[in-house]
Amino acid sequence: MNKLNLFLIYAALCGAAAPAAAGYAPDFDRGVDVRAAVRAAVEDAASAGGLLPPAPGRAEGPVWVTMEKSAAASLDGALFKTAPVAQSGRLAVYEFDPTELGRLADGMHRAMRRAPGFIAHDTLEEALEDLKAPPAPRARAYTLDQAARVKKLLPLVREESIVSSIAWLSSYKNRYYRGATGVEASKRLQREWAAYSEGRPDISVEAFKHAAFAQESVILTMRGTSEPDKVVVIGGHLDSIAGYGDNPAPGADDNASGVAVTNEVVKALVEGGYRPARTIKFIAFAAEEAGLRGSGEIAAAFQKQGVKVEGMLNLDMTNYKGSDRDIYFVSDNTSADQNAFLGKLIDSYLGYTWGSFDCGYGCSDHASFAKKGWPASTPFESTYEQCNPYIHKAVDTLAKMGGGAAHSVKFARLAVAYAVELAK
Ligand code: BES
Ligand code: ZN
């Protein structure tokens, strides 16, 4: 069914309903009820416009959203169709239609100077789990003793290759998690990453499929040589969004820049012939912008499989230098110990300036790992207030960041040092 047919059906319908004075009951197409055909045409046009169903024949079901009660209180009540399904002291759970999440995210940005974020769950059970306090991460000893390796690998981080990654990632109309181009971007990244496994039997690449939406997360595993069951996670979200739906959203900073940094770390480690003692999983997460859904599912799967996550480094927005200092760590819902370790890595190996800020309950994918009791951190491009003003818009482009990636280079170098000192 093409758009012309759709238009004709609408025209016919509107025509039939034209004399719709009070009490007039339209006689659809002389007794034939065309409403089913109209519905099918509307769905068809939506997919021609770039939206994809999660799986053939499967409609996307409702989601259960957790957010801070204080955030809910400051939002327009019209955003909520129902009262909270459950609450704890700090959090509340609401049932949402996933197509309403964009409005929710926009509402948060409008209502508050900080976006506290929200977390969307496929099931009510998972949402209720989130009401419990997260387990405290067990204490870990962080040491710095790999200077020679780190210094050998750092020069392999190159700005030009980060630029080219941001360029191809942001060349799609969007990387929307329910859209055709969001799927294409994921497939292209799978191919790019598969190339790193050539001649490296310890490297494998998989697509992590999500039950409720079409975009796949991508996982590159570099298997550890002596402690393969211990896992270090480095990654960032692959999806981009502007408004809600299939709108232009190049997402060059949010978050092609984080995926490009992740890719650069893989590239540098492979080029340097580096083999970690512990396993490193590099992940491009789907559907962060819809409530951390990709990382939420992956963290839950890791927990179920008994994966021992030693640390998680989340790269989300790395290329816009909006503040005086170089790197700012998200201080809430992250590990204070791991953040301090990252600060030491900077002081010892890199010499950048750094600070920290509070980001909010569900502001990015670190929260999915932190709530499982794993140490998670997000080094960020600026303070919250001074972050890139173009994100979530059609103007989040590489050009708006000056066409280079000098700021992202700092994050890639930090992530290389983190990988080497934690996966030893
Ligand atoms: N990269 C942003 C988070 C961000 C934006 C952190 C600006 C610091 C400054 C992320 O992709 C995002 O947009 N998060 C949403 C929450 C999400 C659950 C919709 C947010 O912060 O509104
Ligand atoms: Zn975002």
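1. Which residues come nearest to ligand 1? In this predicted model, H109, E288, E289, D316 and H392 come nearest among the 19 residues around ligand 1, a residue being near if one of its heavy atoms lies within 4 Å. Residues are numbered from 1 along each chain as its sequence is written, chains are lettered from A and ligands numbered from 1 in the order in which they are written; local features need pLDDT of at least 70, side-chain atom pairs count only at pLDDT 80 or more, and totals for chains, interfaces and linings use all residues. Side-chain values use heavy atoms, with hydrogens and water left out.

2. Polar contacts (pairs of N or O atoms within 3.5 Å) involve both elements of ligand 1. Oxygen atoms of the ligand lie 2.9 Å from a polar side-chain atom of H392 and 3.1 Å from one of H237. A nitrogen atom of ligand 1 is 3.1 Å from a polar backbone atom of C363. Taken alone, ligand 1 exposes 520 Å², of which the protein buries 99% (Shrake-Rupley method, 1.4 Å probe).

3. Domain 2 (63-130) and domain 3 (147-422) each supply at least three residues to the shell around ligand 1; the bounds come from an automatic or database domain assignment.

Definitions and conventions
A polar contact is a pair of N or O atoms within 3.5 Å; within protein, one must be able to donate a hydrogen and the other to accept it, and residues adjacent in sequence count only if both atoms are side-chain atoms.
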